[in-house]
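Please open the structure in your viewer and keep the selection panel at hand, as this tour goes from one selection to the next.

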Number of protein chains: 2
Amino acid sequence: LGLIKFIKVLQIRKEGGEMQALIVAAGRGSRLRHRFSPKPLVPVFGLSLIERIILRCKRAGIREFVIVVGYKAEEIMRKIGDGERYGVKIKYVVNDEWKKGNGVSVLKARGHVGEKFFLLMADHLFDESILEKLKNVSLDKECCILCIDKDLEGDHFNIDDVTKVLEEESSVKRIGKKIQEYNAIDTGIFLCTDSIFDALEESVKRGQYSLSAGNQILADRGKLKTLDVTGHFWVDVDDEIALRKAKRILIRQSAKVSDGPISRRLNRPLSTRISSLLAHYNITPNQMTFFSFFLALSSALLFYLGGYPRILAAGILAQLASILDGCDGELARLKFLFSKFGEKLDKVLDRFADGLIILGMTRAAWVQTYNEVVWFAGFLALIGSFTNSYTATWYDEIIKKKKGFRLGRDVRLFIVFVGALLNQLPFTLIILAIITIVETIRRLFVLRYEHEVTQ
Amino acid sequence: LGLIKFIKVLQIRKEGGEMQALIVAAGRGSRLRHRFSPKPLVPVFGLSLIERIILRCKRAGIREFVIVVGYKAEEIMRKIGDGERYGVKIKYVVNDEWKKGNGVSVLKARGHVGEKFFLLMADHLFDESILEKLKNVSLDKECCILCIDKDLEGDHFNIDDVTKVLEEESSVKRIGKKIQEYNAIDTGIFLCTDSIFDALEESVKRGQYSLSAGNQILADRGKLKTLDVTGHFWVDVDDEIALRKAKRILIRQSAKVSDGPISRRLNRPLSTRISSLLAHYNITPNQMTFFSFFLALSSALLFYLGGYPRILAAGILAQLASILDGCDGELARLKFLFSKFGEKLDKVLDRFADGLIILGMTRAAWVQTYNEVVWFAGFLALIGSFTNSYTATWYDEIIKKKKGFRLGRDVRLFIVFVGALLNQLPFTLIILAIITIVETIRRLFVLRYEHEVTQ
C-alpha cells in the first residue's frame with residue numbers, strides 16, 4: 001500500500017515535470033533601444049532572449065511552450081518557429097490588444113495551457129535552478145506562486161522600473177510598480193493555475209490591464225503565494241544597462257568553478273572575452289576544442305624542431321592553447337551547446353597535447369645537452385602530468401567542498417611557457433616532474449584523509 | 001499537499017531502511033562436519049558464516065541485529081560480541097530449547113524486534129541485492145514475505161534437504177521439506193511482522209516446532225506472500241559440498257565484470273586462487289596493492305639496468321605484478337574490506353607502475369640501439385597507455401551494456417612480458433604505442449556514437 005502511494009506520488013510529480021511554460025512576448029519593450037526589435041529577438045551571445053528562455057526551460061525539463069505574441073508577432077513566429085529546432089513544441093497565441101497591457105496577453109492564453117503551467121516573461125533571463133525549485137513546490141488549485149527576490153540592493157534590476165512586492169508569511173499582500181511599502185522584488189517567474197485567468201478577467205472588467213493588477217486581485221484573496229529565490233540568477237533585461245549586466249553575468253557563469261590560479265587570473269579573463277566575441281558566429285565548441293589542440297600540436301612540433309626562436313614560439317603557442325582551451329566549455333555553456341561527448345573529447349585531446357608538448361620539449365632539451373637525464377626527466381614529467389589529470393576528477397570533488405590549491409593544466413602549461421621564454425627546457429622538465437609527482441602524492445594523502453572522515 | 005504526502009512516503013521508506021534483522025543461529029548443523037563448530041562460526045575465506053551475513057546486511061543498510069543462539073551459545077556470543085567491531089548493534093536471545101526446532105528459536109525473539117524485520121538463517125549466504133529488493137516491497141501488518149527461488153534445477157541447494165514451496169499468485173500455498181507438489185524453493189530469507197510470532201505460537205501449541213510449521217499456518221490464512229528472487233545469489237551452506245560450492249561462487253563474484261581477455265583467461269584464475277589462500281591471513285587489500293606496486297617497480301628497475309637475463313626477469317615480474325594486481329580487489333570483496341580510497345590508490349599506483357616500466361623498457365632499448373626513435377616510441381607508448389586508462393571508466397560503462405573488446409592493463413603488461421621474453425624491446429614499444437593510441441581513438445568514436453544514440 002505504501003508502495004502504491006509512493007508510485008502515485010511519483011506519477012503526479014512526473015506529470016508535473018512535463019508541464020508547459022507560457023511566455024509573454026507581446027509587448028514592445030521600448031526602453032531597450034536596439035537595432036533588433038522586437039525585444040524578445042534581441043540577441044545575447046548569438047541567441048535571442050526568447051531562445052535563451054526556451055533553452056533554459058528545456059534544461060529544467062519543460063518541452064511544451066505557449067508564446068503570446070503581439071508587437072511584431074509575425075517576425076517572432078517566423079524566427080522561432082514550431083520549436084522543432086530546439087527539440088520542443090511551441091504554440092502561438094496572437095494578442096492584437098497587446099498595447100492594453102501584459103495582463104491581457106496572459107488572459108488570451110486561457111484554454112491554450114494545462115491545469116498548471118509556468119508563466120514567464122520574454123525579457124527576463126534566469127537560471128533553471130529557479131524552475132527546478134518552483135517545480136517541487138506543491139500548489140493548490142486556486143493559488144498561484146510568484147518567485148520573489150528579497151535582495152532589494154541587488155544590481156540585477158532597476159528599482160525604479162521593477163515590480164515590487166509586499167510579502168507576509170509566504171503570501172503576496174501588495175504588488176505593483178508604485179507601491180510604497182515593499183520587502184521583495186517580482187522576478188516575473190510564476191507557477192500558475194487557472195485561477196490567474198479568473199483574476200485577470202476580473203481586473204480587465206475593472207479596466208486594469210496589467211498582469212500586476214490581476215495578481216493584486218489574487219493577492220487580495222490570499223491566493224498569490226511566494227517562493228523566495230534570493231541568490232539565484234535572474235535579470236530583467238529592461239534597458240541597455242540591464243542587457244550589459246546580463247551579458248557580464250552570463251560570461252561569469254560560463255567559467256568553471258574548479259579553475260586553477262593561472263586560469264582564474266590570466267586565461268579565463270582572456271578566454272571569456274574571446275568566447276563572447278566568438279559567440280556571435282557559428283563556431284561550435286568542438287571546433288574550438290580542435291583548434292586549441294591544433295595550437296598545442298604546433299607547439300609540440302616547434303619544440304621538437306628545437307633552437308631558441310622556435311622554442312620561444314612553441315612556448316607562446318602552448319600558453320595560447322591553454323587560454324583557448326577554456327573557450328569550448330564557455331561557448332557550450334553560453335550557447336546551450338553542452339555535450340558530454342564534447343567534454344570528454346576535450347579532455348582526451350588535452351592529454352595527447354600535454355604528452356606531445358612534453359615529448360617535444362624533451363627532444364629539444366636532448367639536442368641542447370645530449371644528457372640522458374633529460375629523457376628521464378621528460379618521462380617523469382609526463383607521468384606526473386598524467387597522474388595529475390587522472391586524479392583531477394576526484395580531487396575537484398573535494399576542493400568543491402572546501403577550497404584547496406589546484407595544480408592543473410593551466411599551471412603546467414604556464415611553467416612550459418616560462419621555461420621556453422627563458423630557454424631553460426632541461427630545468428623546466430625537472431621542475432615539472434617534481435611538482436606534478438609531488439602533487440599527485442599529496443592528493444592521495446588528501447583523498448585518504450577525506451575518506452577516513454566521511455566513512 | 002502532494003509534496004507533503006511525498007515526504008511522508010519517503011520517511012516511511014527511510015524508516016524501512018533502518019530495520020532490524022533477526023538471525024537464527026541456534027541449531028547444531030550436524031550435516032556440516034567441520035573442525036569449527038558451531039556452524040555459524042564456520043569460516044569462509046577468513047570470515048565466519050554469521051559474520052558474512054552481518055556484513056552483507058550492513059551493505060544493505062541494516063545496522064541492528066537480534067541473534068537467537070542455542071547450541072554453543074556462549075561461543076558465538078564471545079566470538080561475535082556486541083557488533084561494535086562490525087559497526088553494527090547486536091543483541092542476543094538465548095534459546096535453551098533449541099533442540100526442539102528453529103520455530104521455537106524464532107518465537108523466543110518475540111518482544112526483541114520491531115514491527116517489521118528481516119528473518120535470516122545463520123547458514124544461508126546471499127547477495128545484498130535480495131535484501132534491497134525485499135526492502136522495497138510494501139507489506140501488510142498481518143503478512144510476511146518469503147523470498148523464493150523458482151530455479152528447481154539449481155545446484156546452489158540440495159533438493160533432498162531443502163524446504164520446498166508451492167506458490168500460487170504470489171502467495172505460499174504449501175511449505176515444507178517433504179511436500180510432494182512444489183514449484184519453488186524456500187531461500188530462508190523473510191521480511192516479517194509480528195504475525196509470524198502468532199503463527200508460531202499456534203504451531204508450537206500443536207506440537208510442531210519448525211519454522212516451516214508456523215509458515216504453513218500463515219500460508220493457510222493466505223498471509224505468507226512470496227517474492228521471486230530467482231537468479232540472485234543465495235546458498236544454503238548445509239554440508240561440505242554446499243560449502244565448497246559457496247566458496248566457488250564467492251570467488252567468482254570477487255572478480256570484476258570488466259576484465260579483459262588476458263585477465264579472464266590467465267590472471268584472474270591465478271589471482272583468485274592466490275586470494276582464496278591469502279584470505280585466511282590478516283593481509284589487507286592495500287598491502288596487496290603496495291606489494292604488486294613493488295613488483296612493478298622492481299620490473300622497471302631491472303628493465304632500466306638492461307641486458308637480457310635482467311630484461312627477462314623484468315618481463316616476468318611485470319606479468320606477476322599484473323596477476324597480483326587483481327588480488328587487492330578480490331580480497332576486498334571477499335572480506336568486506338572494500339574502500340573507495342583503496343580502489344583509487346590502486347589505480348594511481350598502477351599508473352606510476354605503467355609509466356616507470358615503459359621508462360625502464362625505453363632505456364634498455366636505447367642502450368641496445370642508441371636510436372632516438374626508441375625514445376619517441378617510448379613516449380608514445382606512455383601517452384597511449386595513459387589515455388587508455390584515462391578513458392577506461394567511460395568506456396567500461398559502455399561495454400557493461402553491450403559487450404566489446406577491452407584493451408586494458410592486462411593486455412599491455414602481457415605484451416611487455418612477451419616482448420621481454422623475446423628480447424624485442426624496441427619493437428615492443430612501437431607495438432604498444434600503436435595499439436594503445438589506436439585504441440584511445442577508437443574509444444572516442446565509440447563514445448561519440450553512444451552519445452549520439454542516447455541523446
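Begin with the lining of the largest cavity, which by class has 5 nonpolar, 1 polar and 2 charged residues (Ala, Val, Leu, Ile, Met, Phe, Trp, Tyr, Cys and Pro count as nonpolar, Asp, Glu, Lys and Arg as charged, and the others, Gly among them, as polar). This is a predicted model, in which local features need pLDDT of at least 70 and side-chain atom pairs count only at pLDDT 80 or more, while totals for chains, interfaces and linings use all residues. Residues are numbered from 1 along each chain as its sequence is written, chains are lettered from A in the order in which they are written, and side-chain values use heavy atoms, with hydrogens and water left out.

To show that lining, select Asp354(B), Ile357(B), Ile358(B), Ser385(B), Arg412(B), Leu413(B), Val416(B) and Leu432(B).

Next, turn to the place where the two chains meet: 47 residues of chain B are in contact with 47 residues of chain A, contact meaning heavy atoms within 4.5 Å. On the side of chain B that touches chain A, there are 26 nonpolar, 12 polar and 9 charged residues by class.

Finally, select Arg363(A) together with Glu372(B), which form a salt bridge whose closest N and O atoms are 3.3 Å apart (a side-chain nitrogen of Lys or Arg within 4 Å of a carboxyl oxygen of Asp or Glu). Between chain B and chain A the count is 2 salt bridges. For the side of chain B that touches chain A, select H13(B), from which the largest share, 15 residues, comes (helices are DSSP runs of H or I, at least four residues, numbered from the N terminus).

Key. Helices (H or I, at least four residues) and strands (E, at least two) are DSSP runs, numbered from the N terminus. On a 1 Å grid over the protein atoms alone, a cavity is a set of points where a 1.4 Å probe fits but cannot get out, and a pocket is an open set with protein on both sides within 12 Å along at least five of seven lines; lining residues have an atom within 4 Å of a point.
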